[in-house]
Amino acid sequence: MKIFTAAQTRAADQATIQSEGISSEALMERAATAFTDWLTARLSPKEAGEILILCGPGNNGGDGLVVARRLYGRDYTVRVAVLPSENKSGDFQRNFQKLPPEVIVTELSATNLLPIPAGALVIDALFGTGLTRPLEGLAAAVVQHLNAAQARVVAVDIPSGLFSDAPQPADSIVVRARHTVSFELPKLAFMLPHNAEYVGQWHVLPIDLDKKFIEETATKLHFLDAALLAGRLQKRARFAHKGTYGHALLLAGSKGKIGAAVLAAQACLRSGVGLLTLRVPAVGYDVVQTAVPEAMCLTDPAADFVSELPDLTPYSSIGIGPGLGKEKAPQQVLAQLLREAKVPLVLDADALNILAENRELLATLPPDSLLTPHPKEFERLAGPARDDYHRLDLLRDFCQKHRCYTILKGANTCLGTPDGTLYFNSTGNPGMATGGSGDVLTGILTALRAQPLSPLDAALIGIYAHGRAGDLAAQVTGEAGLVAGDIARFIGPALEELTTKESF
Ligand SMILES: NC(=O)C1=CN([C@@H]2O[C@H](COP(=O)(O)OP(=O)(O)OC[C@H]3O[C@@H](n4cnc5c(N)ncnc54)[C@H](OP(=O)(O)O)[C@@H]3O)[C@@H](O)[C@H]2O)[C@@H](O)CC1
Ligand SMILES: Nc1ncnc2c1ncn2[C@@H]1O[C@H](COP(=O)(O)OP(=O)(O)O)[C@@H](O)[C@H]1O
Ligand SMILES: [K+]
């Protein structure tokens, strides 16, 4: 699914109005009706209680007025409060006239902010994508009053005070919503960790905006959902043999961190690779042979760290990093690997830390490598970010400069590509914030690159399937009970869901 800027969304609205020959008021009616349907499907009039609808002067406020009228028509108790303004939009004014006379309307003022009882349901329709500057004055006072109440807040389109696709001052006053209900396509602001406290759980409702316009409008921002993966993962060939799907090599583990190698290996095998060899230090031999009998184990001559690169000829992809350690020996192994590798590489964990501490190695990174830093590792590689938007700029620059695919991990893991496109993942859950989850991703990506998939397909499928496997696992274990090995066990079903079905 594409992610549009506020300007692109406005253009999509205009394109729809033109192609369908409808009025902007009709489009507002459609959006607000979708919002009302969403709300009434979740809460009965009794569960909702008296609903307070806060309306700003523009079309976001106009949406709020339509929602008020529609909810009233479905026997909900509603009360409307509007911000005073000389500058009310036409659609606001028309819908204000259409409010049933029974609906009580209050004009907000500094001395009349309306009491908001704890637990009250409040619809925030103050400002949407037309926000041009941080909130101040009465609008800021209303939002602070709302945030101080223990209300159940549902934001229309975006929490008021939040910019859709640009950074804002740290002390900005923004509505803290439990749910944000937006239309047609998600906004960049929803993807970013620092906005989670404002956006809450977000939802996107289809309102049938012009499909052709959406298809033809170029964007370098995407929400990575199952639809985006259609056709990228083929069913296994009927006459496949273990040579068909590649031979992966994982260089991982050190004394005390052999588990990282085991997790990456289990995930690699569960992701459909034909053969897997692990290079671990001698201390890991018994562990690997016992825990992952399906993998071959090439023991390093050194006891505690991987210290020598094996002959690379047999392998179709190589993953390096989980539990590797940053000592001199693994440093040299990585440097030699970067010089000599002729097959796709996946770099994670200590491989990334070594790169950050030996920056001359970055120039030797083979093009199309996949890097999987978590935010701290990324900061070591690319420097500190001022805010979430600046971090995305750093990610784009890093991928372009080093011609690599970088997977910035977290909730809504973000893939950056060499052409500057960003993909935000839709799967995964907080249960995956547990040691070893990242090692599992390395195993998955190494397997997909071996099969062989292109770096983009491997990254997109790998990121999505990793999160989906975590979601499937959490249905059994609960989020708190989830451990990294559970993610590995559910990769099979996650990949199966994405596999292209044979058509007749
Ligand atoms: N497909 C869709 O998505 C559809 C979208 N629709 C809806 O339209 C919404 C966008 O509406 P919109 O363009 O009228 O802008 P909106 O957010 O109401 O605010 C503009 C008003 O606020 C004012 N203002 C701005 N900043 C301010 C500040 N800091 N402090 C104080 N005032 C400030 C600004 O005035 P000015 O900047 O001139 O002072 C102007 O009066 C969109 O979010 C969605 O809800 C649906 O109806 C149809 C389908
Ligand atoms: N709150 C979350 N929601 C979704 N995915 C998450 C969340 N927290 C962590 N993850 C995922 O779990 C993995 C953690 O990786 P990482 O931090 O490298 O762990 P480790 O180093 O212990 O293996 C990443 O793929 C990340 O996207
Ligand atoms: K809003």
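The largest share of the shell around ligand 2 comes from α15, which supplies four residues. Helices here are DSSP runs of H or I with at least four residues, strands are E runs of at least two, and both are numbered from the N terminus. Along with α15 (437–450), α16 (455–477) gives at least two residues to this shell. The structure is a predicted model, in which local features need pLDDT of at least 70 and side-chain atom pairs count only at pLDDT 80 or more, while totals for chains, interfaces and linings use all residues. Residues are numbered from 1 along each chain as its sequence is written, and chains are lettered from A and ligands numbered from 1 in the order in which they are written.

The shell around ligand 2 has 19 residues, and A411, G428, A433, S437 and G438 come nearest; a residue is near a molecule if its C-beta atom, placed from the backbone, lies within 6 Å of it.

An unreviewed entry lists K409, G410, A411, N412, T413 and G438 under "binding site"; its positions are given in the numbering used here, feature names are shortened, and annotations may be inferred rather than shown by experiment. These residues are spread over 30 residues of sequence yet cluster in space, with a largest C-alpha distance of 14.0 Å.

Two of the listed residues can be followed further. N412 is found in the loop between β15 (405–408) and β16 (414–416), and T413 also has its place in the loop between β15 and β16. N412 is buried because 20 other C-beta atoms lie within 10 Å, the criterion being 20 or more, with 12 or fewer for exposed, partly exposed in between, and C-beta atoms placed from the backbone. T413 is likewise buried, with 25 other C-beta atoms within 10 Å. Leaving aside neighbours within four places in sequence, N412 is in contact (C-beta atoms, placed from the backbone, within 7 Å) with M191, F424 and N425. On the same terms, T413 touches I407, L408, N425, G428 and I463.

At the level of the whole chain, the domain assignment, automatic or from a database, gives domain 1 (6–219) and domain 2 (229–498). Six residues of domain 1 are in contact with seven of domain 2. On the side of domain 1 that touches domain 2, five residues are nonpolar, one is polar and none is charged.

Methods. Contact = placed C-beta atoms within 7 Å. Nonpolar A, V, L, I, M, F, W, Y, C, P; charged D, E, K, R; others polar.
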